[in-house]
Amino acid sequence: MPPRGGLAALVTHEVERRWGSADTYRMTGWTADLRVGGTWSVIVRTADGGHRPASGRFLEIKTPRRIVQTRRHDWDHPTLGHHETTVAYLLEPTVCGTRLTVCHGGFVGFPDAAAEHAEGWARVLGWLQRYFGDGRRAA
């Protein structure tokens with residue numbers, strides 16, 4: 001996965017194409033002001049028809065290698081509420097492509113939410129790996 005394409009799949013409208021499945025959720029309405037201090041928002045449409053808005057702001061942007069952003073659910077998440085967390089993406093070139101490291105922190109006092117989000121990241125990384133592993137590339 002090329003770094004620019006990898007970052008696009010994480011923090012641009014490409015999120016809508018890369019994340020989700022019919023049996024889990026889809027991302028829609030992605031907007032982002034991709035600069036330090038800029039904000040982002042998305043609607044997560046669940047398989048049962050629910051709408052779960054999420055948003056945050058960008059804390060660090062060092063394209064094409066690193067982006068750090070806050071994240072919070074703009075609804076009453078059952079294990080996290082409206083608590084804000086921080087997600088850091090690091091993309092490193094390798095012989096075979098690019099290694100993506102995701103660090104999602106801020107779960108102190110929220111062990112159930114931490115476990116739930118770890119499972120979610122495993123799904124997301126699988127979706128991204130399948131997408132980029134198919135030989136397709138972000139524009």
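Tutor: Happy to; we'll take charged pairs, then aromatic rings, then the spaces. Keep in mind that this is a predicted model.

Student: OK, how many salt bridges does the structure hold?

Tutor: There are 8 salt bridges in the structure. As a general idea, side chains of opposite charge can pair when their charged atoms come close.

Student: What about R57, which residue does it pair with?

Tutor: R57 forms a salt bridge with E84, where the closest N and O atoms are 3.6 Å apart. This pair links distant parts of the chain: R57 is in strand β3, while E84 is in the loop between β4 and β5, 27 residues apart.

Student: How accessible is R57?

Tutor: R57 is at 36% relative accessibility, so it counts as partly exposed. E84 is partly exposed too, with a relative accessible area of 34%.

Student: One more of these: how far apart are N and O in the salt bridge of R72 and D74?

Tutor: In that salt bridge the distance from N to O is 2.7 Å. R72 counts as partly exposed at 33% relative accessibility, and D74 is partly exposed with a relative accessible area of 29%. There is also a network: salt bridges that share partners join E14, R17 and R18.

Student: Let's change topic. How many aromatic pairs are there?

Tutor: The structure holds 4 aromatic pairs. In one of them, the ring centres of W19 and W121 are 5.6 Å apart.

Student: Why is that pair of W19 and W121 called edge-to-face?

Tutor: Because the ring planes of W19 and W121 are at 80 degrees, and the cut-off for edge-to-face is over 60 degrees. W19 is in the loop between α2 and β1, and W121 is in helix α3, so to speak a link between distant parts of the chain, 102 residues apart.

Student: Are W19 and W121 buried or exposed?

Tutor: Both W19 and W121 are buried.

Student: And how are the rings of W30 and W40 arranged?

Tutor: The pair is stacked, because the planes of W30 and W40 are at 20 degrees, with the ring centres 5.2 Å apart. W30 lies in strand β1 and W40 in strand β2, 10 residues apart, and this pair links distant parts of the chain. Both W30 and W40 are buried.

Student: Which residues form an aromatic cluster?

Tutor: W19, Y89 and W121 form one aromatic cluster.

Student: What sits over the ring of W75?

Tutor: The charged end of R52 does, 4.6 Å from the centre of the W75 ring.

Student: Now the empty spaces. How does anyone find them?

Tutor: Rolling a probe the size of a water molecule over the atoms shows where empty space is left. Here the structure holds 1 cavity of 30 Å³ or more, and about 90 Å³ of space lies in the largest cavity.

Student: Which residues lie nearest the centre of the largest cavity?

Tutor: W19, M27, W30, W40 and R71 do, out of 14 residues that line the largest cavity. β2 gives the most to this lining, with 3 residues. By class, the cavity lining divides into 12 nonpolar, 1 polar and 1 charged.

Student: And how much space lies in the largest pocket?

Tutor: About 510 Å³ of space lies in the largest pocket. Its lining has 20 residues, of which Y25, R71, H73, E116 and R123 lie nearest the centre.

Student: Which element gives the most to the lining of the largest pocket?

Tutor: α3 gives the most, with 6 residues. β1, β2, β3, β4 and α3 each supply at least two residues of the pocket lining.

Student: Last one: how does that pocket lining split by class?

Tutor: The lining of the largest pocket has 9 nonpolar, 7 polar and 4 charged residues.

Key:
Residues numbered from 1 in each chain as written. Predicted model: local features only at pLDDT ≥ 70, side-chain atom pairs only at ≥ 80, totals over all residues. Heavy atoms only, no water. Salt bridge = Lys/Arg side-chain N within 4 Å of Asp/Glu carboxyl O. Helix = DSSP H or I, 4+ residues; strand = E, 2+ residues; numbered from the N terminus. Buried < 20%, exposed > 50% of the residue type's maximum accessible area, 1.4 Å probe, protein only. Phe/Tyr/Trp six-rings, centres within 6.5 Å; stacked < 30°, edge-to-face > 60°. Lys NZ or Arg CZ within 6 Å of the ring centre and 35° of its normal. 1 Å grid on protein atoms, 1.4 Å probe; cavity = no way out; pocket = protein on both sides within 12 Å on 5 of 7 lines; lining within 4 Å. Points joined across faces, edges and corners; volume = space filled by probe spheres on them. Nonpolar A, V, L, I, M, F, W, Y, C, P; charged D, E, K, R; others polar.
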